[in-house]
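Subject: Structure handover

Hello,

Here is the structure I promised you. Please open it next to this email and follow along.

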Amino acid sequence: STCALVLPPPHKAALTPLKMGSCCSSGDDEKDRKFTSDGGESDISKGPVQNRGCTDVLCIPILILAQIVFIVVTVAGFADGNPEKLYRPRDYRGSYCGIEENWNNGSNTKNSPTLSYTMNVTSTVDQLMKQMVCSTAAKKALVDGQSSPSIAPLLATQDLRDTYMCDCCLSPCAKCEGSLDKGDDILSAAGADIMTAKMKDLTDLSAGSSLFSPTGANGDTFSATSFWKEATKYFNQVCLPDCNTNFNSINSSIASAVRNYTYSPMKDDSLYSAWQTLLNATSNDLTKDIVSTIASAFTFEAMPLSVCPYIPAYCVPFPGMEFAEVAPGSNFCQFKLASEVVNAVGSAAANAFASAGGEAFANAATEGFGEWVGAFNETIDTFIVVSLLSFVVGIVFLILLRFFIGVCVWLSIIATIGFFILGGAVSIVRSGQCADASFWSSGQQTAVAVAVAGATAASNAVSGQEAISEAMTGDGQDYRGIQRYTKSGKNCVKWAEQTALPGYNATNYPGADLKVNYCRNPFNTSDWNKARTIWCTTNDAEVKWEECLPIGVIMPVCDNGYAVTSESARQALYYASFVIWAIGGLWVLIILCLINRIRLAIALNKVAAVFLAQNVLVLLIPMVQAFVGVIWMLLWALSASFLLSQVPDSYMPTGGFATYKEAYGTTSPCAFWETGDHCAATPGKCTDKWPQGFVWKDTDCGTDAEPKCFKCAPPRYVFDVRFAISFFVFLWNNAFNVALGQILIAMAVSIWFFSTEKGKVRTVGKAIKTVFRYHVGSVAFGSFIVAVIQFIRYLMKYLEKQASAQKNRVMVLVFKVVGCIIWCFEKCVKFLNKNAYIQIALNGTPFCTSAKKAFFLILRNMLRFAAVVALSAAVNVIGFISIMVSTTVIGYFLVRAMHDDVNPVMPCVSYLVMSYIVAKLFMNVFGLAVDTSLQCFLACEEMGGCGDFIPGVLAKWVKKNVEKDSE
C-alpha cells in the first residue's frame, strides 16, 4: 500500500514522519548539505536511510484525479467517435468506405466497404473530346461556315471565334506552345465515324479486348506504358461491395437498375462552351454527323445505385478491367485485366499493363510480406530459443565487461583520437584532390609527401646539415634537390644501376645531374618526348617509372582542375582539417586531465556489472515496465482513436472553389533562409490548418457563372482540447512508468552497495516495498514535470505545423528553434530527475529536496559526472553492438541448423530487433546502476569512508580521496 492509504502506526510516528504539504514540500530547510556521518539526515554510512517517511503525498490524489479526468474524456469520446475512420479506405472525395454517414452529405457507403476503381470519364475522354471539338470538321462548323449552300458559323462573333482558335491552339496565342497533339484529324462531318468507333471501345463493356489492343480503334492509347503509369489519373477511387471480378456481370444481374451517364466536359474546361455549342446546334450539312455523334457516342452505362452509391459519373466501369483483393480479407483492390483482354493481347503484355498500373507493386509487397511472415512462423521455435539465448548473451556480456571494460574504454578513446586524425586528413586531402586522381591516390601522395618532408627535416636537425634547396621551375629540368621517393612512396633506383630505362644515364644526359637516386627530369633537345615534371625509375615491375614531388611540396597544383571545383569549398575543407585536428588535440588534453576520473568511471562500470551479475532479478523491473507500457499504450491508442476521429462538420469549407490554387494554395520556391516577395506563398482554403484535408475535383461545378469545381475533403483526424487532456495523461503515465523503474533500480543498487552480504540480500523485494510504501508521490511529481515539458514541446510541434499550413515561414522557424530549446531542456530535466530519484533512494527525502541535493552534488563533482556520462555512452554502444551482433550470429547458425530450407533473412531481422530490446533492457539497468554507484561512492567519500562493505574495486578510490582531503 502507498502512503496515500496507509499511515504509520502511532508508536512509529516519530520514526516515519508524513512529509506532506505541496508536491514540492521538502519537509526541511536543507540547502546543499553534503553527506555526513554525524547521524543526521544526510548520514547514510549504514546504508539507505531507514528512518524515512512518505514523500510528496499530495501528488498521489492529483495523479488519481488525472486518471479520472482521462476516463471521463474517454467515455465522452465513445459517444461521438468512430475509430474506423482512422483506417477505413477513402474514396475520391474523402468519404469512408463502409460508413453510413459521411462528411458534407457524402454517399452512404455502409454496404460498400471495399475501395475499388471506376473510370474517370473526364480524364479518359478529354483527349477524344479535343480531337472532336478541335477537328477540321468542327472548325468548319464553328468558325468557317459554308458559302454554298450558305451556312453561318456557329460562333457568331469574331471574339468567340478567336477564343475557340486559341483554346484549340489552332492559331498561335499566349496560352499555347504549339499545336495540340489531339490524334487523327476529322476532316469532315462524315468522318465522325472515327470518333464513334473509338468511343464504342470505351462505352461497350464487352469491347475490352479491342480497347487494349494496339490494332483497335484507339491504337496504342490504352495499351501504352504511359497510360498505365498514370493509372490514378484515369480511374476514380470509389467504395464498392467487393473487388468483383467482372463489372459486366454486376450490371447484367440487375439490368433494370443500370444507369446511364452522358459525358460533358467540366464547366471550367475552356472547350466546354464549344462542346455545348456543337451539342445544341441545328442539324445541317456541317453539323449533323458531329451533333449525332456527340449526342449518342458519348453515353456510358453506369452501375446501379445499389452497387455504386454515387452519381452515375463516378460509377462507369472500365471495359476489360477486373480487380482482385490486394490480400485475402483486404478492403483494397488491385488492377487485373479480364480474361478476354489477356487472350487478345497475350499474358505477357497483360501482366506488363497491370504491373505498370500498380499490381506489381501490390504483389511485391504482399508476397514479400507473406513470405517473411511465413518464414518467421516456420522458425518460431528457433526464435524462442534465440530469445532465451539473448538473455544469456547479455549476462555473459556483463560478466566479461567486468574484466575487459578497461580495455574497451581505452580502445574507444584511442579510436576517437584516430577519428579526429583521420577526419582532418580526409578533409585536407579532399581539398587538394585533382580531378584526374582518385581520393586514395591523392591521400597516398599526400601521406608520402608529409612523411618524406618530416623524415628529411628530422635527419637534417640531427646531423646539423643545412637543408638542400628543393626549388624548381616549370617542368623541373633545373631541379637539384634530394627527393628519392615517387609520389606513391616507391623508392627510386640509382641512375647508374637502373635497367628499366637504360638510355637514361649520366653519359647520355651529362647536364641533368643524374646523381645517386635523386628524382630528375633529364632531357636533350633531340629527344622526342619529355616528362611533365621530375621522375625516377623504380624496382616495381608494374610501375617502371613514376613522377616525383619536390620535398616539402604537400599539395601540388592540379593542371587539369580539382575534384572539388569551387575554390571557396576547397578553402573551407583545407581550414576545416586544422579545426578538426585542433579539436582532436583539445580532446587529447581533456583525456590527459581527466585520466583519473576515467579510471574511476571504469571502476564504477565494473561495480555495476557485478551488481547485475549478482542481482539478475532486477532485470524483471524493465520487463514489467515494458509490459505495462505496451498495455497502457494500446488502451490509450484505443481511447484516443475515438477522440481523433471526431472531425467536426465545420472543420472544412463545404462549397466549391474556382481554381485549384484557391483550394490548395501555393508553395514557396525558397529555402528557409531566403527572403523576398518571390518567396511568398498562399494557404489554400482546404489546407490552411493542420491536420490538412485534400482537394478533389467534382463533376458538379455549381450553377454560378464562374464554375467552382474544386472542393475540400476533411482529414481523417483532428486535435482538440479533449485530445490534449488525454495526451497529457498519456505522457504523464509514460513518464511515471519510466520514473518508477528508475527509482526501483536505484533503491536496489543502494541496498546492495551498502550491504555486507552482497549477493545474498534480496534487493529487489526490499526496493519495491520501500518505494511503494513511501515514495509513489515523489515519482508522480517528478514524472509530472517531465510530462509538462514534453507536452509543451509537442505543442510547439503542433504550432509549427499550423504555421506551415498558413505558409508562415518565419513562425515555422521560430517554433522549430523553441522546440529544439525545449528538447534540450527536457534532456537536462530528465538527467536531474534520474539523479533526484537516486537521492530519494538514499536519503528518503521529498522530490524537490532530492533534486536540490542532486543538483549540488553534480555541481560539486561536475567533471566526475561528465566522465561517467561520456563513458556510459561508449559502454552503451559497445553493449548494444555486442549483444545484438552476438545474438544475430547465434540465431543465424541455429536457424540454418534447424531449418535449412528457410531463407534466414527474415528470421535474422527478427533476432536483431529482439536482441535490440534485450540489449536496451540490460544497458538501461546497467546505466542506472552506474549512476547510483557513483552517488553511493560520492556519499562514502564525503562521509570519510563507509566501512568494509564498499565494493573492492572502489575501496582504494575512497581511501585515496579521503586521505587527500584530510591532508
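Helix 10 (residues 272-279) and helix 11 (residues 288-297) have axes that come within 8 Å and cross at roughly 110°. Axes here are lines fitted to C-alpha atoms, for helices over the stretch in contact, and angles run from 0 to 180 degrees between N-to-C directions. Helix 10 and helix 11 are therefore roughly perpendicular to each other. Angles of 65 to 115 degrees count as roughly perpendicular, under 35 as roughly parallel, over 145 as roughly antiparallel, and the rest as oblique. Which residues make the contact? Helix 10 brings Trp275, Leu278 and Leu279, and helix 11 brings Ile290, Val291, Ile294 and Ala295. Contact means heavy atoms within 4.5 Å. By class, the contact of helix 10 with helix 11 has 7 nonpolar, no polar and no charged residues. Ala, Val, Leu, Ile, Met, Phe, Trp, Tyr, Cys and Pro count as nonpolar, Asp, Glu, Lys and Arg as charged, and the others, Gly among them, as polar.

A word on the source. This is a predicted model, where local features need pLDDT of at least 70, side-chain atom pairs count only at pLDDT 80 or more, and totals for chains, interfaces and linings use all residues. Residues are numbered from 1 along each chain as its sequence is written, and side-chain values use heavy atoms, with hydrogens and water left out. Helices (H or I, at least four residues) and strands (E, at least two) are DSSP runs, numbered from the N terminus.

Next, the cysteines. How many disulfides does a search of the whole structure find? The search finds 11. A disulfide is a pair of cysteine sulfur atoms within 2.5 Å. Three of them are worth a visit.

- Cys97 and Cys239 form a disulfide, with sulfur atoms 2.0 Å apart. The link of Cys97 and Cys239 is left-handed, with -80° about the S-S bond. Cys97 lies in the loop between helix 1 and strand 1 and Cys239 in strand 4 (residues 235-240), so the pair ties together parts that are 142 residues apart in sequence. Both Cys97 and Cys239 are buried. Buried means under 20% relative accessible area, exposed over 50%, and partly exposed in between (1.4 Å probe, protein chains only).

- Cys519 is joined to Cys548 by a disulfide, S to S 2.2 Å. The torsion about the S-S bond of Cys519 and Cys548 is about -70°, so this disulfide is left-handed. The pair links distant parts of the chain, 29 residues apart: Cys519 is in the loop between helix 16 (439-463) and strand 9 (535-537), and Cys548 is in the loop between strand 10 (545-547) and helix 17 (567-593). Cys519 is buried at 0% relative accessibility. Cys548 is also buried, at 0%.

- Cys686 is joined to Cys712 by a disulfide, S to S 1.8 Å. The link of Cys686 and Cys712 is left-handed, with -75° about the S-S bond. Cys686 sits in the loop between helix 20 and strand 12, and Cys712 in strand 13 (residues 710-713), 26 residues apart. Both Cys686 and Cys712 are buried.

Cys820 is partly exposed, at 45% relative accessibility. Cys908 is buried, at 14%.

Two strands pair if DSSP finds at least two bridges between them. Strand 12 and strand 13 pair in the antiparallel sense over 4 bridges. Lys697 stands opposite Phe710 in strand 13.

Last, some backbone details. The peptide bond from Ser148 to Pro149 is cis, with omega near -10°. Pro149 lies in the loop between strand 2 (146-147) and strand 3 (150-151). Trp690 and Pro691 are also joined by a cis peptide bond, with omega about 5°. Pro691 is in the loop between helix 20 (660-664) and strand 12 (694-697).

Asp56 is not a glycine, yet has a positive phi of about 50°. Asp56 is found in the segment before helix 1 (59-80). Is Asp56 buried or exposed? Asp56 is buried, with a relative accessible area of 0%. Asn105 is not a glycine either, and has a positive phi of about 60°. Asn105 is in the loop between helix 1 and strand 1 (114-119). Asn105 is exposed, with a relative accessible area of 74%.

Best wishes
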